[in-house]
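Dear colleague,

Please find the structure below, together with its sequence. My notes on it follow, and I would be grateful if you would read them with the model open.

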Amino acid sequence: MAANSVTSADVARLAGVSRATVSFVLNNTQTHRVSEATRTRVREAAQQLGYVPHAAARSLRAGHSNLVLIPASVSAIGHLVSTWLDALHGELEERGYTAVLHAGRYADAATGARAWAELRPAAVLALDGDRLTAQAVQVLHRAGVGTVLALAARPLEGVRTLRFDHARIGEIAAEHLVVRGRRRIGVVMPRERGLEVFARPRLEGARAVASRSTATVTEVPMAYTHASASDVAAAWGDLGLDSVFAYNDEYAALLLHALQSVGIRVPGDVAVVGADDLVTSALQHPPLTTVRLDLVPPSLVADIIDGQINGTDTPDAPAIEVVLVPRASS
């Protein structure tokens, strides 16, 4: 510890109270009565000295931390999810928790779970829950992480599942294109790390639709860069595709402009569909057809996490709905 580190003893001396009282006030312990005047004095002393409570020590006293760990690759967080996570952070903070994004690289779920468990979070919320395995969940539970939630297509033992089927997104996009008479469908597969786990089920959903018709599906690898989109557009004639489901609206808009820049008409030559229904989707030229994702309200997710941690009744969460929003790009 640095020689000039501020301790709770320093706060106690300045406020004229015991270290126990400092602990009760700064940890918001409700089982001990402390007058409002004393609470104010302690908080002002802590602020004056720049004192911050030690999270690990607080966790030992409480029996668990206040951390809600959210494993996610940074590249996997698009605008829709980042906005949702921002709202969830606020909802959790109101309930006394701190949400922490964990962007590690792990070959398998069990290895990742061991890294998450080292932080001793109160809960883990896996955005890519379909990667979780029974072994990974067991690692978390054995480390004392009693609450594990996941956005996943199917339930996993020991996990509170919020139903989110990525394959259905690909199905809806492909069904729309087939109904519109398109038969040679490309599906953009992002090159960015962390997106494979979401993109692969969307591709398989599109393939399932194609298998029930005369349509074909072709993978189209593309990074989220102007150069990569331009390369794809330049090679489009060789691909022989009449439509594309571009993973999400961000990739769709990028590819749409790249196609138009080489003289490919949208939707005349190629129909384009995205996903997420971002505000900017309707502002593209032409406006972008998309698949809207009705995510679970962050307040409801926070209530579920809080209830699971405290062993109280938790509300049911509806499955994440996906709805086609047809526009002029298809």
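This is a predicted model: local features need pLDDT of at least 70, side-chain atom pairs count only at pLDDT 80 or more; totals for chains, interfaces and linings use all residues.

Does Tyr251 count as buried or exposed, and at what relative accessibility? Tyr251 counts as buried, because its relative accessibility is 4%; buried means under 20% relative accessible area, exposed over 50%, and partly exposed in between, with a 1.4 Å probe and protein chains only.

Residues are numbered from 1 along each chain as its sequence is written, and side-chain values use heavy atoms, with hydrogens and water left out.

The aromatic residues

The structure holds two aromatic pairs. Rings of Phe, Tyr and Trp (its six-membered ring) pair if their centres lie within 6.5 Å; planes under 30 degrees apart count as stacked, over 60 as edge-to-face and the rest as tilted. Tyr224 and Tyr251 form a tilted pair, with 5.1 Å from centre to centre and 55° between the planes. This pair links distant parts of the chain, 27 residues apart: Tyr224 belongs to the loop between strand S7 (216-222) and helix H10 (226-234), and Tyr251 to helix H12. Helices (H or I, at least four residues) and strands (E, at least two) are DSSP runs, numbered from the N terminus. Tyr224 is partly exposed, because its relative accessible area is 42%. Tyr247 and Tyr251 make an edge-to-face pair, at 5.7 Å centre to centre and 85° between the planes. Tyr247 is buried, as is Tyr251.

Helix H12

Helix H12 covers residues 249-261, 13 residues in total, and reaches 18 Å from its first C-alpha to its last. That is close to the expected 18 Å, the expected span being 1.5 Å times one less than the number of residues. Its buried residues include Asp249, Leu254, Leu255 and Ala258. At the start of H12, a side-chain oxygen of Asn248 comes to within 3.0 Å of the backbone nitrogen of Glu250. Just after H12, Gly263 adopts a positive phi of about 85°.

Strand S6 (residues 184-190) pairs with S7 over seven bridges, and Val187 has Glu219 in S7 as its bridge partner.

The other open sheet has five strands, ordered S2-S1-S3-S4-S5, again with parallel pairing. Its edge strands are strand S2 (98-102) and strand S5 (160-163). Strand S3 (residues 123-126) and strand S4 (residues 147-152) pair over four bridges, and Ala150 in S4 is the bridge partner of Ala126.

Asp242

Asp242 is found in the loop between helix H11 (236-239) and S8. Asp242 counts as buried because its relative accessibility is 9%. Its side chain makes a polar contact of 3.1 Å with the side chain of Ser243; a polar contact is a pair of N or O atoms within 3.5 Å, where within protein one must be able to donate a hydrogen and the other to accept it, and residues adjacent in sequence count only if both atoms are side-chain atoms. Not counting residues up to four places away in sequence, Asp242 touches residues including Arg182, Arg184 and Asp269, contact meaning heavy atoms within 4.5 Å.

Yours sincerely

How values were computed. Two strands pair if DSSP finds at least two bridges between them.
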